[in-house]
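Reader: I have a new structure open and would like to go through it. Can we start once it is on screen?

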Amino acid sequence: MNSQDNCIFCKIVAGQIPSRKVYEDDEMMAFHDIHPKAPVHFLLIPKSHVDSLADCGPGEQAVLAKMMLKVPELARVAGCGNGFRTVINTGPDGGQEVYHLHLHVLGGPRNQWKVPLP
Ligand code: 5GP
Ligand code: ZN
């Protein structure tokens, strides 16, 4: 299913909904989560809409690899010098709320993280 016409993250990519941008290139974008669960909490997404990790195929192989390889640099620049956590929620039982694939990056002092995690 492709729901990009009514997708909040597609609207962020298009600039129709404001966000606090962390990074952007031709294929991906990162922005701070509106309800952070840790001192550093941003989302990294492919610009091209795909509902979830379970909907990815060979067409998403390259961008998924680029996203994973970009995370450490973005995390370091965002202040996660002591480590970080990456999370991808997938489907209802995975706790996914926004159906545009996104990778959570969380960091900062662990005693300041909120539970439950995203
Ligand atoms: P999920 O549960 O789908 O993995 O996580 C969705 C995340 O998107 C949540 O952490 C939520 O706070 C964040 N979020 C939802 N709507 C917006 C928005 O309009 N702007 C931003 N920056 N984050 C959002
Ligand atoms: Zn979308």
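Reader: Where does histidine 49 lie?

Author: This is a predicted model. In it, histidine 49 sits in the loop between E3 and helix H2, which spans residues 61-78.

Reader: Is histidine 49 buried or exposed?

Author: Buried: its relative accessible area is 9%, and the cut-off for buried is under 20%.

Reader: What does the side chain of histidine 49 make a polar contact with?

Author: With the side chain of aspartate 51, at 2.7 Å. The histidine 49 side chain also reaches the backbone oxygen of tyrosine 99, at 3.4 Å.

Reader: OK, on to the metal. Which residues are the protein donors of the zinc ion?

Author: Cys7 and Cys10 through their SG atoms, and His49 and His100 through their ND1 atoms. These donors lie 2.0 to 2.3 Å from the zinc ion, which is ligand 2.

Reader: What spacing do the donors follow along the chain?

Author: The pattern is C-x2-C-x38-H-x50-H. Cysteine 7 and histidine 100 link distant parts of the chain, being 93 residues apart. Cysteine 7 is in the segment before helix H1 (8-13), while histidine 100 is in the loop between strand E4 (84-87) and strand E5 (103-107).

Reader: Then ligand 1. How many residues surround it?

Author: There are 16 residues around ligand 1, and the closest are Asp33, Asn89, Glu97, His102 and His104.

Reader: Which backbone atoms lie by a nitrogen atom of ligand 1?

Author: A backbone N or O atom of histidine 32 is 2.9 Å from a nitrogen atom of ligand 1. For isoleucine 34, a backbone N or O atom lies 3.3 Å from a nitrogen atom of the ligand. On the oxygen side, a polar backbone atom of glutamate 97 is 2.7 Å from an oxygen atom of ligand 1.

Reader: How much of the accessible area of ligand 1 does the protein cover?

Author: It covers 89% of the 530 Å² that ligand 1 has on its own.

Reader: You named His104 there. Which side chain does a polar contact join to histidine 104?

Author: That of histidine 41, at 2.8 Å. Histidine 41 is in strand E3, residues 40-46, and counts as buried at 2% relative accessibility.

Reader: Last one, isoleucine 8. Where is its place?

Author: In helix H1. Isoleucine 8 is partly exposed, with a relative accessible area of 42%.

Reader: What separation do the C-alpha atoms of isoleucine 8 and valine 98 have?

Author: They are separated by 7.7 Å, although isoleucine 8 and valine 98 are 90 residues apart along the chain.

Definitions and conventions
Residues numbered from 1 in each chain as written. Chains lettered and ligands numbered in written order. Predicted model: local features only at pLDDT ≥ 70, side-chain atom pairs only at ≥ 80, totals over all residues. Heavy atoms only, no water. Donors = N, O, S within 2.8 Å, 3.2 Å for Na, K, Ca; no water. Helix = DSSP H or I, 4+ residues; strand = E, 2+ residues; numbered from the N terminus. Near = heavy atom within 4 Å. Polar contact = N/O pair within 3.5 Å; in protein donor to acceptor, adjacent residues only side chain to side chain. Areas by Shrake-Rupley, 256 points an atom, 1.4 Å probe, with all protein chains shown as cover. Buried < 20%, exposed > 50% of the residue type's maximum accessible area, 1.4 Å probe, protein only.
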